[in-house]
Amino acid sequence: MTPEEFNKIGEKHRNKRDEFTHNIRVCTAAACATLKSEEVKKAFEKEVKEQDKKKTCRVSGTGCLGLCASGPLVTVNDGQALYAKVSVGDVKDIVNNIDKKPVKRLEIPADTPFFARQTKIALENCGTTDPESLEDYLALRGYESLYKVLTEKTQVEVIEEMVKSGLRGRGGGGFPVGLKWSTVYKALGDKKYVICNADEGDPGAFMDRSMLESDPHSILEGMAIAGYAVGADQGYVYIRGEYPLAIKRLRAAIRQAERNHFLGKNIFDTPFSFNVELRLGAGAFVCGEETALIASIEGKRGTPRPRPPYPAQYGLWGCPTLINNVETLSNIAPIFRKGAEYYASIGTEKSKGTKVFALAGSIKNTGLIEVPMGITLREIVFDIGGGILGDKKFKAVQTGGPSGGCIPEQFLDMPVDYESLAGVGSIMGSGGMIVMDETSCMIDVAKYFMDFCKSESCGKCVPCRVGTAQMHRLLVLISEGKASMRDFELLEELCDVVKSTSLCGLGMTAPNPVLSTIRYFKDEYIAHIVDKVCPAGVCVMESKEEVVL
Amino acid sequence: MSSSVNIITLTIDEKQVGARENQTILEVARENGVEIPTMCELKGLTPSGGCRMCVVEVAGIPKLLPACMTTVSEGMVVTTNSERLKKLRKNILELFFSERNHICAVCASNGFCELQLMAQKVEMSHVHYPYLYPHCEVDASHNRFVLDHNRCILCTRCVRVCDEIEGSHTLDIKGRGIEAQVITDMDQPWGDSETCTLCGKCVHVCPTGALIERGMAVGEMSKRKQLLPYLTQMREVKT
Amino acid sequence: MEQGNKKKNAAAKDKRQKLVDATMRRHGHSPYALIETLHTVQEVYGYLDDENLKYVAESLRVPLSKVYGVATFYHFFTLKPQGEHTAVVCTGTACYIKGVPGILSALREKFFVEAGETTEDNKLSVLTARCIGSCGLAPAVVFDGEIAGAVTPDIVVERVGRLLEQ
């Protein structure tokens, strides 16, 4: 295929899109769908038909617009006007005013910090494309990066570009992506694989889900570029079985891409062939760990094995395997479209680019955001997030899920990057950010995460299997006011044993929520143990009840 | 053995040793008289790396590595017996003891139990974690063997020997985490198993009194693990 | 016994069985397809029953104990039939700190059912999920496949009551 021929494809779809003077997009990602956005979309279609504006107005669904708490969300002309909490009754007003000023009572001004402070790269197309339409993706220069890479660059040049971009793995570990690609490229083997890790298991994280539901083609494009770079011709997306909508859209996207030869044999008439298949996870957090994920794709119990050897050398069915998560892969196509230098110009020295976070918990603007690395927690929580729900007092923000920690108020002005978060005892993680106010008890939170780790432990290694059960038991005792300071010392010792000797990342990081709450909220532990009170009023103290009786 | 395998040198506990590059730290240590404690490892079976008793420190690597599954490399500096490792091993062993029910005085394997021996080896005097004491069944439905889950430490030696040596894969693990348990076929009584060949290898590789021969009284159940290296060798010769 | 099973399967190849067979065929009856096949079994039968587990084991040539081990490792799979209606309570972090314990205790008090169990009349199963990814709507409960966000214990009791009346 010649460049002219390829450019024509995109142009054709752009022209088609521009035939309409007005683009009405209704968010159909999970959160808005829950709030019946599908009915709103139908109402728009009906209204446009009735007002005879079918020639000028196009109604379509779109991916996540970010502000999930205020759904269903609707945009007109990709950002000209954004409407929140749109009900079927509001549809008439919006269509009536489509040539005039936006409807004030529903409008969210464009300069709202929630939108103005974000930098969108991975989420670039979320909200401006219909996730079920390949044409929309092509209109937005989709598959252009893949075309450029396949026709203009060697494998080594692609990897160099990735190194230059400074992108680091967005699944939690932060391993440099370029380096990872280069190890798989160098590994010897006739058969290699690329796996997209979409087993988003952190409770409180929904970035991957939103991206898959909003812009599935960009992930497929990222996988194909990765496949070309490392020399793989087969890709797998390992996706949570709990995400039916994401599965449906991804399946549809794979079919569309295959039919139009963006996947399959000899893509763009080059020697490169690449196929993608889905594999469904079945509810095991540990399968986010690379070796456990591989075991699961092989149809086995999802138990990890010691690394080294790393999957780059010995992965799926013993072949060299590249595993990247959803957000990492969704950054690939934009990097090749905008250039590695552009990407590297955003962020801090060691953490380049942007990061997607799922804001949730006791915060006004819950939803999906993408911010440059190095932004402070305060900006995220108070500017973008709009502050604490009910204007209560901020207590902590939890990042990294069960592998992360709780960050207290004194670090609110710390820049968000891999090193800073690790420095205060948490991790970047996959991007879940849960804000807690004064009504949350830190022992209760630690107990919650330990319960999670205990039930998600695969049971293969002893420190994790028995250690998490022991720690959970001790935390229950503390929360019930039945523990002594000796139990507290045991808890601290167990944290060390489990962290140091567990087989995989799940066990090695399981003590983090306990360690970070001990570090910053030790007085709460003491209050539970010595004074038998829960300062936040969450835990029910057994000994207190006895006194009442 | 093909001649293309490179010979390398490394340091184990300040001692310079030579090794073939595809050997594990554990193998090289044993050849050189350095003893590293192990629980789930058994010569002749694929290592699993689950018991974590054999973890060692390798200079330049922040995390501890299992000696049974880590291959040696040129210039590697390995420490197997630092004070920190000794303490951690003791703690891990205590976790083993605290998980189920390990009262030696009423166990058929008393005196022959590897868990018991290990406690002596790492000088574990008492268990200072609370005992979890879950309620576990004893499967006595088989006419030759007994499976007592209370004594099981989930080392999976029985599962591996049944799969890798006997080839019948009657045994496996169900559930996960602290709820994990050894099963026969579809978690049915062992006596009803359609696939068990009654070979008894599982009994003899079991480190504790979880798998014993029927009718054994306290302190009678000694195990013959010598069978394994021999069987493995036979299998290798055949292929 | 196996013979009997085979005959029965051959005779009563209903539509559901055909879907299971199709999944196995698509993967060339490879043992690697075990989890994919179990997904299909659960999708069409609602749960993994012994007979189907044995059938899958035989068809894919995977040992029985291994099939059982895999089926019980993954919490998405259930070996028990579900009640007529289900309420899946999300227990993700965001939902938890916004009041999941209250929702579960309300269900316990009103319908006498614990999380993970089914009522005696087989009408209602209360399940928990490790984060359904709708944190923006916390706390969230899925009633018969339909997600409801920002629920309170009262709303949950009311919705379940309506489900049971249907």
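**Reading a predicted three-chain model**

Trainee: Why does Leu154(B) count as buried?

Mentor: Leu154(B) has 26 C-beta neighbours inside 10 Å. A residue is called buried if 20 or more other C-beta atoms lie within that distance of its own, so Leu154(B) counts as buried. Do keep in mind that this is a predicted model.

Trainee: Where is Leu154(B) found in chain B?

Mentor: Leu154(B) belongs to the loop that runs between β7 (145-148) and α4 (157-166) of chain B.

Trainee: What makes the phi of Leu154(B) worth a remark?

Mentor: The phi is near 55 degrees, which is positive, and the residue is not a glycine. Most residues other than glycine have a negative phi. Thr156(B) deserves a look as well: its phi is near 65 degrees, again a positive value in a residue other than glycine. Thr156(B) also lies in the loop between β7 and α4 of chain B.

Trainee: How do you know whether Thr156(B) is buried or exposed?

Mentor: Count the other C-beta atoms within 10 Å: Thr156(B) has 24. The cut-off for buried is 20 or more, and therefore Thr156(B) is buried.

Trainee: Let us step back to the whole chain. Why does the radius of gyration of chain B agree with that of a compact globule?

Mentor: Chain B has 239 residues, and a compact globule of that length would have a radius of gyration near 18 Å; the value for chain B is 19 Å, so the two agree. Along the principal axes, the C-alpha trace of chain B spans about 55 × 50 × 30 Å. Of its 239 residues, 44% count as buried. Among contacts in chain B with a separation of 6 or more, 62% join residues 24 or more positions apart. The secondary structure of chain B comes to 6 helices and 10 strands.

Trainee: Which domains is chain B divided into?

Mentor: Domain 1 covers 7-81 and domain 2 covers 107-238. Their C-alpha centres lie 26 Å apart.

Trainee: How do you know that domain 1 of chain B is in contact with domain 2 of chain B?

Mentor: The test is C-beta atoms within 7 Å. By that test, 11 residues of domain 1 of chain B are in contact with 18 residues of domain 2 of chain B. On the domain 1 side, the residues divide into 6 nonpolar, 4 polar and 1 charged.

Trainee: How many residues of chain B are in contact with chain C?

Mentor: There are 14 from chain B, and they meet 10 residues of chain C. On the chain B side, β8 (171-174) and β9 (181-184) are the elements that give two or more residues, and β8(B) supplies the largest share, 4 residues. By class, that side has 4 nonpolar, 5 polar and 5 charged residues.

Trainee: What does the contact of chain C with chain A take from each chain?

Mentor: That contact takes 31 residues from chain C and 35 from chain A. On the chain C side, α3 (34-45), α5 (64-73) and α6 (93-97) each give two or more residues. The classes on that side are 20 nonpolar, 9 polar and 2 charged.

Trainee: Which residues of helix α4 of chain C are buried?

Mentor: In this helix, residues 50-60, the buried ones are Asn52(C), Leu53(C), Tyr55(C), Val56(C) and Ala57(C). Just after α4(C), Arg61(C) takes a positive phi of about 55 degrees.

Trainee: What describes the packing of helix α10 and helix α12 of chain A?

Mentor: Two packed helices are described by the angle between their axes and the distance between the axes. For α10 (residues 207-214) and α12 (residues 244-259) of chain A, the angle is about 40 degrees and the axes are 8 Å apart. The crossing is left-handed.

Trainee: Which residues meet in α10(A) and α12(A)?

Mentor: Arg209(A), Leu212(A) and Glu213(A) from α10(A) meet Leu245(A), Ala246(A), Arg249(A) and Leu250(A) from α12(A). By class, this contact has 4 nonpolar, no polar and 3 charged residues.

How values were computed:
Residues are numbered from 1 along each chain as its sequence is written. Chains are lettered from A and ligands numbered from 1 in the order in which they are written. This is a predicted model: local features need pLDDT of at least 70, side-chain atom pairs count only at pLDDT 80 or more; totals for chains, interfaces and linings use all residues. Axes are lines fitted to C-alpha atoms, for helices over the stretch in contact, and angles run from 0 to 180 degrees between N-to-C directions. A crossing is left-handed if the near helix is turned anticlockwise from the far one by less than a right angle, and right-handed if clockwise. Two residues are in contact if their C-beta atoms, placed from the backbone, lie within 7 Å. Ala, Val, Leu, Ile, Met, Phe, Trp, Tyr, Cys and Pro count as nonpolar, Asp, Glu, Lys and Arg as charged, and the others, Gly among them, as polar. The radius of gyration is taken over C-alpha atoms; the globule rule is 2.2 Å times the number of residues to the power 0.38. A residue is buried if 20 or more other C-beta atoms lie within 10 Å of its own, exposed if 12 or fewer, and partly exposed in between; C-beta atoms are placed from the backbone. Domain bounds come from an automatic or database domain assignment.
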